[in-house]
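I opened the notebook to look up the aromatic rings and the charges placed over them. My entries follow.

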Amino acid sequence: MRVVRVTRFGDPDVLVAGEAPDPVAGPGQVLVGVEVAEINFVETQLRRGITPGPPLPEPPYIPGGGVAGRVVSVGEGVDPLWEGRRVVTDTTGGNAELAVAAAANLIAVPQGLGLPEAAALLHDGSTAVGLVENAGIRAGEWVLVEAAGGGLGSLLVQLARAAGARVVGAARGPGKLDLARDLGAEAVVDYSETGWTEHVREATGGAGPDVVFDGVGGQIGWEAFQVTARGGRFSVHGASSGQATVITPQDAERRDVTVIGLEQLMGMSTGGRQRIEHALVLAEQGRLRPVIGRTFPLEHAAEAHAAMESRSVLGKTLLTI
């Protein structure tokens with residue numbers, strides 16, 4: 001089968017297409033014919049030998065933590081009715097034509113939803129639903145979404161609006177700001193511009209946002225914390241800048257802000273299946289739109305990583321097989 005390997009830690013060119021023996025489903029497993037493989041930004045960081053949390057894999061390795069496709073065979077103890085069904089699932093080594101997955105992790109893709117959309121929602125959809133639940137958004141509150149033009153951020157904009165919030169979308173560049181506005185953001189700000197938090201403050205009537213979804217970290221995350229409304233919630237879920245926002249208990253107490261830290265992602269292992277299924281149903285119903293900015297053939301995984309790192313892609317980036 002065709003695969004893409006990370007041959008060593010480094011730039012996108014360390015992703016090299018090649019061949020590998022076809023895997024076989026063991027007991028409790030299935031073999032999925034991969035049609036779409038998702039890419040999360042953390043995969044680009046791991047490829048560089050940098051981790052915001054997950055353990056570093058040891059090169060050479062086949063990246064890819066989630067796929068969508070059809071079950072081509074089942075292992076011992078697995079219901080044969082899974083064969084031929086369209087599924088989305090967690091896996092390892094998903095940048096390949098075939099991937100082994102635990103049968104317990106399979107989620108059937110609704111009939112009215114495409115496999116690319118399902119792949120785009122596998123992790124980002126579940127995370128977005130969980131973050132919104134943890135933040136306890138109330139109708140009428142102001143919500144600031146960082147990286148609002150990305151795969152996860154674009155979902156957060158929509159879910160916050162659906163919860164009755166007024167959204168400020170923060171991103172870099174006019175294309176991503178236009179997308180955030182199209183998805184329901186009432187105001188947009190470019191956080192590459194000096195003094196961007198003053199625009200956030202102005203948009204929220206001077207009080208600042210009641211909820212901040214921080215997926216960028218670094219200086220941008222710290223500045224967003226500084227503008228969070230007193231009594232608000234600051235939710236950390238990522239570190240695309242390379243460093244997660246660190247808020248001390250003293251900082252939080254001084255500003256009277258509740259910090260929902262990066263550790264919340266570990267807690268999302270419970271109920272993850274239900275959140276994914278919920279996101280898929282919302283998408284099938286047209287109430288949640290996964291934004292797919294670009295797709296690349298499997299062999300062009302290096303180009304996909306480079307595009308993501310350049311911040312030039314709107315929404316989600318996917319590999320197709």
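Is phenylalanine 234 buried or exposed? I looked up its relative accessibility in this predicted model. The value for phenylalanine 234 is 0%, so I noted the residue as buried.

**Entry: pairs.** I asked how many aromatic pairs the structure holds. It holds 3. I checked tyrosine 191 with tryptophan 196 and found 5.9 Å between ring centres and 75 degrees between planes. Over 60 degrees counts as edge-to-face, so I filed this pair as edge-to-face.

I then looked up phenylalanine 225 with phenylalanine 234. Their centres lie 5.5 Å apart, with the planes at 85 degrees. I filed this pair as edge-to-face too.

**Entry: burial of the partners.** I used the cut-off for buried, under 20% relative accessible area. Tyrosine 191 comes out at 11%, so I marked it buried. Tryptophan 196 has a relative accessible area of 2% and is therefore buried. Phenylalanine 225 is at 0% relative accessibility, so I marked it buried as well.

**Entry: cluster.** Which residues form one aromatic cluster? I wrote down Trp222, Phe225 and Phe234.

**Entry: charges over rings.** I looked for arginines over ring faces. Arginine 255 lies over the face of phenylalanine 225, at 5.9 Å from the ring centre.

Definitions and conventions. Residues are numbered from 1 along each chain as its sequence is written. This is a predicted model: local features need pLDDT of at least 70, side-chain atom pairs count only at pLDDT 80 or more; totals for chains, interfaces and linings use all residues. Side-chain values use heavy atoms; hydrogens and water are left out. Rings of Phe, Tyr and Trp (its six-membered ring) pair if their centres lie within 6.5 Å; planes under 30 degrees apart count as stacked, over 60 as edge-to-face and the rest as tilted. Buried means under 20% relative accessible area, exposed over 50%, partly exposed in between (1.4 Å probe, protein chains only). A charge sits over a ring if NZ of Lys or CZ of Arg is within 6 Å of the ring centre and within 35 degrees of the ring normal.
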